[in-house]
Amino acid sequence: MAIDRRLLVNVDWVLLGVTLLLTGLGVLTILSAAHSGHGSGLYLKQLYLVGLGLPCLLVSLLVDYRRLADRAVPLYLLAVGALLYVLFFGPRIAATRRWISLGSFHGTLQLQPSELVKLVAALFVAKVFAESRSETLGLRDVVGPGAAVGLLALLIAAEPDLGTAFCLIPLFLSVAFLAGLRMKAVLALFVVLLMVGGLGWQFALKDYQKTRIYTFLDPSLDPKGAGYQKIQSQIAVGSGGLLGKGYKQGSQAQLGYLPARHTDFVFSVLAEEMGFVGVLTVLALYLLLLWRMLETAQLARDRVGAFLAAGIAATFAFQVVYNVAMVAGLLPVKGLPLPLMSYGGSSILSSLLAVGLILNVRMRRFAN
Amino acid sequence: MRIYEDLRVVQTRVGILQSLVAGLIVLLIIHFWTLQVVRAKYFRALAENNRSRLVTLAAPRGPLLDRNGRVLVENRPSFNVLLTPEDAEDLDGTVAKLGRTLGMGEAQLRERLVRRAQFRPVVVKADAPLADVAALEARRVELRAVSVEVVPLRSYPLAAAAAHALGRVGEVTERQLQSPEFSDLQQGALVGQAGLESQYNRSLMGKDGYRRVIVNSRGLEVAEADRRSPVDGPSLTLTLDSHLQAAMDRAFAGRAGSAVALDPQTGEILAMTSTPAYDPNKFSTGIEPALWGRLSTDPGTPLVNRVIQGQYSPGSTFKLVMATAALEEGIISPDTTFYCPGYLSVYNTVFRCHKASGHGVVNVHQALALSCNVFFYQLGMRLEINRIAAYAKRLGLGAPTGIDLPYEAGGLIPSPEWKLRVQKAPWYGGETVSVSIGQGQVNVTPLQMARLAAVIANGGKLVRPHLVRSRGGQPVSEEAPPDQGFKPQVLQVVRSGMAAVVAEGTGGRARLPGIVVCGKTGSAQVVAKSRFDKTPTLTSVLPHGWFVAFAPAENPRIALAVLVEHGGSGGEGAAPVAHEILAAFFGLKAPTEPGVAGVTDPETED
C-alpha cells in the first residue's frame with residue numbers, strides 16, 4: 001500500500017516532536033533514577049524499547065485508521081481472549097497475573113496485554129458510537145457498549161491491575177460525551193459508577209488495596225508501610241525546590257527512599273532533581289501534547305476519527321493527571337505509569353502506538 | 001460512508017474536554033508551586049533528616065587503678081541482646097522463640113517491652129553469655145527483629161569488697177537529666193551514681209564523639225559527612241591498695257561495720273570498707289531497677305557508706321581528745337594523778353567507771369591504757385564543754401573531712417551554743433561529764449576517727465583524707481596539711497598511752513609481733529532503743545565496738561579506725577578486726593585465732 005505524499009505533509013510534527021522529547025526526558029530520568037546497582041541498564045532497555053516502538057508507530061501510520069476501526073469487533077474479541085489467557089496462564093509475578101511471556105531479551109521480555117487493550121477499547125468505543133445515528137444519546141444507548149468495555153475493565157481489574165482498569169472509564173465517558181450523551185445521562189452514569197465503586201470497595205478490593213486508600217487519607221497510620229511511598233514522594237518533590245538538586249543529585253532518589261522511582265514515580269525523581277522549573281517544563285509539554293491530541297479530535301474528518309482521538313487523549317490525560325497528582329501526594333498510590341516517561345516496555349509501546357493512531361487520524365483529515 | 005458528517009457538537013464538546021484538561025494541569029502546577037517553592041524548606045529538612053544520621057561514638061569511661069597500678073574498675077566488652085518489635089513480622093512467635101533461646105520466661109521478656117520508645121531496640125538481655133550469642137546467631141533468619149550489640153560494661157574485679165569507695169554506675173535518672181550538671185546527656189547514658197564513679201563522673205566520662213553519616217533507605221551507611229573522635233576518659237590512679245582493701249573486707253567476715261585505713265603523713269586512704277555491701281557489677285548493665293529498690297529498703301542499709309555516712313558515739317576513743325586537750329591546756333601533766341574509786345558523784349548523779357572496784361590512783365598513761373572513766377570525768381569538769389568542743393574540732397571532729405566522696409556526714413560536737421540553738425535548752429554540767437567519755441550527743445564518723453589517729457601519729461598535721469593520687473597520669477597536687485600546733489611532748493604522751501592500750505591495756509587483741517601498735521578501744525552505746533524493741537535479737541542490743549590505731553609507733557605508716565556494729569566492747573569486737581588489717585598491711589601472716597595467744601584482758605570496758 002503506497003502512501004500518499006499529501007498524507008506525509010499533514011503529519012502533526014509538533015505532536016511527534018513533543019512525544020519524542022518526553023520519551024527522551026523519560027530515558028534520562030530513568031538513567032538518573034537507576035544508574036547504579038543492578039538497575040543500571042534499565043535506561044538502555046527503555047531506549048531499545050523506544051527504538052522498537054518508533055518503527056511500529058510509523059508502520060501503524062500506513063494503515064488507515066478507518067480500516068482498523070472496521071476490525072474493532074474481532075480485535076475486541078482477541079483482547080478478551082488475551083486477558084483471559086493472562087488470567088489463567090500468565091506467569092504469577094508479585095501476586096498478580098498481568099503478563100504474557102515473550103522469551104528473553106536483556107532479561108525476560110514480557111508483554112502486558114492490558115496496555116494494548118486500552119487501544120483496542122478506544123477503537124471499539126469509537127466505532128460503536130460512530131455508528132450510532134441519533135443526535136443525542138440516552139442512558140439506554142450506552143448500556144451495550146458500556147457493558148462491553150466494562151467486561152474488559154473487569155478482566156483487567158481481576159489481574160489485579162486497578163490502575164489500568166480505571167483508564168477505561170474516562171475513555172468510555174469522554175467518547176460517550178462527544179457522541180451526544182445527554183448531560184442528565186452523564187450525571188446518572190456518575191451515580192452508577194459511584195455505586196459500583198462502593199460495591200467494589202465492599203467485595204472486590206483486596207486488603208492491600210484498602211490499606212492503600214486508608215493510608216492515603218491518613219499517611220501517619222503506617223509511615224513505614226503503605227503511607228511510606230506517598231510521604232517519601234512528597235518529600236522528594238518538595239525538597240527539590242525551585243531549581244532542583246541537580247541531575248543524579250536527588251538524595252531521595254539516589255539513596256533509595258523513593259519507591260518505584262524508575263516506573264510509577266519517575267516524575268518524582270524529575271521533580272526532586274530538576275525542581276519546579278523541570279516540573280513546569282514537563283507539565284507544559286504534556287499539556288501541549290494533550291491539546292494537540294484533542295485538537296486532532298476537532299479536526300478529524302469523521303466521527304470515528306474524532307472519537308478515536310478523543311478517547312485516546314482522555315486515557316492519556318487521565319494517566320498523566322492521576323500519576324502526577326499521585327506523585328504530589330494528592331491521590332492514593334496506584335500502579336499507574338506516566339505515559340511516555342515511565343520505564344516499562346508495554347507502557348511505552350502502547351503510548352507510542354496511541355500517538356501513532358492520533359497522527360493517523362490527523363494526517364487523513366483531508367483524505368477521502 | 002457519508003462525506004460530510006455533522007461534527008459541530010463533537011467539536012464543541014472536545015473544546016470542553018480541552019478546557020478540563022488544561023484546568024487540571026494548571027491546578028497541578030499550582031500544587032507543585034506550593035510544594036516546591038512555598039513549602040520547600042520544610043521538605044528539605046525532612047529529606048535531610050532522612051539521609052543523615054548522627055551516630056554517637058561513646059567515649060570509654062576511664063579505668064580506676066589502685067596505688068600499684070592494679071585494676072580496680074575497667075570496661076569489659078559485653079553482649080546485649082536487642083529486640084526491635086517493629087521489625088518482627090510475628091512478635092508473639094519471636095518472643096516465644098527468643099525466650100526459649102535465652103532461657104528467659106515470656107513474661108519476663110514482655111516486661112522489658114513495656115515503656116519504650118517506638119522503633120528503638122529494647123535490651124532484652126544485658127551481658128548475655130557467649131553461648132546465647134551463638135544460639136541467636138544460628139537462628140538469625142527466624143529472629144530477624146533480634147540483634148546483638150557489643151557494649152563496654154563497667155567491671156569491678158573486687159566486686160562487693162570495694163563497693164562503697166569505688167561506687168557504681170547507672171542510667172542517668174529523670175531528675176538528674178533536669179539538673180544543669182547532666183543537661184547535655186541523653187536518656188540511657190551511664191553515669192556514676194555513687195562513690196568515686198559519681199565524684200569524678202565528668203572526668204571519667206571523657207568526651208563522646210559523633211559521626212554524621214549518610215544512610216540509604218535500608219539504613220545502610222553510604223558515606224560519612226562529618227566526624228569528631230571521642231576523647232577517652234582519663235584513668236584515675238587511686239590511693240587504695242587493692243590487697244589491703246580485700247583483706248579489710250575479709251577481716252569483717254560478714255559482720256556489719258566499717259573500717260578505713262590511711263597514710264598518716266599524707267591522708268591517702270589505703271583501704272576503706274563498709275559492710276554489708278553490694279556488688280556494683282550488678283548495676284553496670286543499667287537494667288535492674290528492682291535491684292536498687294531492694295537494696296535501698298534493706299534494713300542492713302547496704303547502700304550506705306558507713307565510713308563517711310555512719311555517725312556513732314565515739315565512746316572511749318574520745319578520751320584521746322580529752323587527754324590531748326588537758327595536757328595541751330596544762331590542766332594536767334603526765335604525772336598528774338586522780339583517784340578512781342569506781343564512780344564519781346557530781347551534779348546529784350553517780351557516774352560510773354566500768355570497773356566497779358575502781359582503778360585506784362592513775363595517771364594519764366594508765367588512764368588511757370585501762371580506759372578509766374573517772375580520770376576523764378575529772379578532766380572534763382576542769383576543761384569544761386567549750387574547750388572540749390574546741391579541741392575536738394581542732395582534731396577534725398564535728399565537720400566533714402573533705403574526702404573526695406559525695407555525701408560525707410559531719411558528725412556532731414555539742415556545745416552550749418549548739419544546744420541553745422537546736423534544742424532550745426541550757427547546757428547542764430552533767431552533760432559535760434558524759435561527753436568526757438564520748439557519750440551523750442557526740443557523734444563521729446569512722447573516717448574522722450581514723451584521721452584523729454593520723455593527726456596524733458603525725459605530730460598534729462590535719463591531713464585531708466583523699467582517694468585519688470593521679471588523674472590521667474598527672475599527679476593530683478594535695479595542699480600541705482595545716483599544722484594544728486600541738487606541743488610535740490603532749491602528743492608523745494598520748495602516743496605512749498595508746499601504745500600501752502595495745503601492749504598492756506584494753507586493746508591487747510590488736511597486738512602484732514615485732515611491731516608496736518598504738519590504739520584505743522571504745523564502745524558506742526546504742527542509742528535508738530526503739531529500734532531494738534522492733535528487732536529484739538540478742539546481738540542488736542550489744543554496743544558498737546570501736547578501735548582506732550596507728551602503727552608502727554615510730555614513723556607510723558598506717559592510721560586506722562574500725563567499727564564493728566553490735567560488736568560488744570572495742571577490745572573484743574573491733575581490735576581483732578584491726579589486728580587482721582594491720583597484719584595484712586605489714587605482710588604478717590594472720591594467726592588463725594584473732595586474739596594473740598597469751599593476751600589477757602586486764603579489764604572489760606564500760
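What covers the buried residues of α17(B)? Let's hold that for a moment. First, a caution: this is a predicted model.

Start with chain B as a whole. Chain B has 606 residues, and 44% of them are buried. Its secondary structure comes to 21 helices and 21 strands. Now take the contacts in chain B with a separation of 6 or more. Of these, 72% join residues 24 or more positions apart.

Back to the opening question. Helix α17 of chain B runs over residues 429-436. Its buried residues are Thr432(B), Val433(B), Ser434(B), Val435(B) and Ser436(B). The cover over them includes two helices, α13 (319-328) and α15 (373-394). It also includes two strands, β14 (343-346) and β15 (349-352).

What comes after α17(B)? Gly438(B) follows, and its phi is positive, near 75°.

Keep Gly438(B) in mind, as we now turn to another glycine. Gly315(B) sits in the loop between α12 (306-309) and α13 of chain B. Buried or exposed? Gly315(B) has 28 other C-beta atoms within 10 Å, and 20 or more are needed to count as buried. So Gly315(B) is buried.

Which residues does Gly315(B) touch, once we set aside neighbours within four places in sequence? Gly438(B) is one of them, and Gln439(B) is another. Then come Gly522(B), Ser523(B), Ala524(B) and Trp546(B). Along the chain, Gly315(B) and Gly440(B) are 125 residues apart. Their C-alpha atoms are separated by 9.2 Å.

Next, the place where the two chains meet. How many residues does each chain bring? Chain A brings 41 residues and chain B brings 34. On the chain B side, α1 and α2 (40-51) each supply at least two residues. The most comes from α1(B), with 19 residues. By class, the chain B side divides into 21 nonpolar, seven polar and six charged residues.

Now zoom in on one helix pair across that contact. Two packed helices are described by the angle between their axes and the distance between the axes.

Who meets whom? From α14(A) we have Arg303(A), Ala306(A), Ala310(A), Ala314(A), Ala317(A), Val321(A), Val324(A) and Ala325(A). From α1(B) we have Val10(B), Val14(B), Leu17(B), Val21(B), Leu24(B) and Leu28(B). That contact has 13 nonpolar residues, no polar ones and one charged residue.

Last stop: α14(A) also packs inside its own chain. Its partner is α13 of chain A, residues 266-299. The two axes come within 10 Å and cross at roughly 165°. The cut-off for roughly antiparallel is over 145 degrees, so α13(A) and α14(A) are roughly antiparallel to each other. This crossing is left-handed. Residues of α13(A) in the contact include Phe267(A), Tyr286(A), Leu290(A) and Met293(A). On α14(A), Ile312(A), Phe316(A) and Val320(A) are among them. The classes here are 17 nonpolar, three polar and no charged residues.

Technical notes: Residues numbered from 1 in each chain as written. Chains lettered and ligands numbered in written order. Predicted model: local features only at pLDDT ≥ 70, side-chain atom pairs only at ≥ 80, totals over all residues. Contact = placed C-beta atoms within 7 Å. Helix = DSSP H or I, 4+ residues; strand = E, 2+ residues; numbered from the N terminus. Nonpolar A, V, L, I, M, F, W, Y, C, P; charged D, E, K, R; others polar. Buried ≥ 20, exposed ≤ 12 C-beta atoms within 10 Å, placed from the backbone. Axes fitted to C-alpha atoms, helices over the stretch in contact; angles between N-to-C directions. Parallel < 35°, antiparallel > 145°, perpendicular 65-115°, else oblique. Left-handed = near helix turned anticlockwise from the far one by under 90°.
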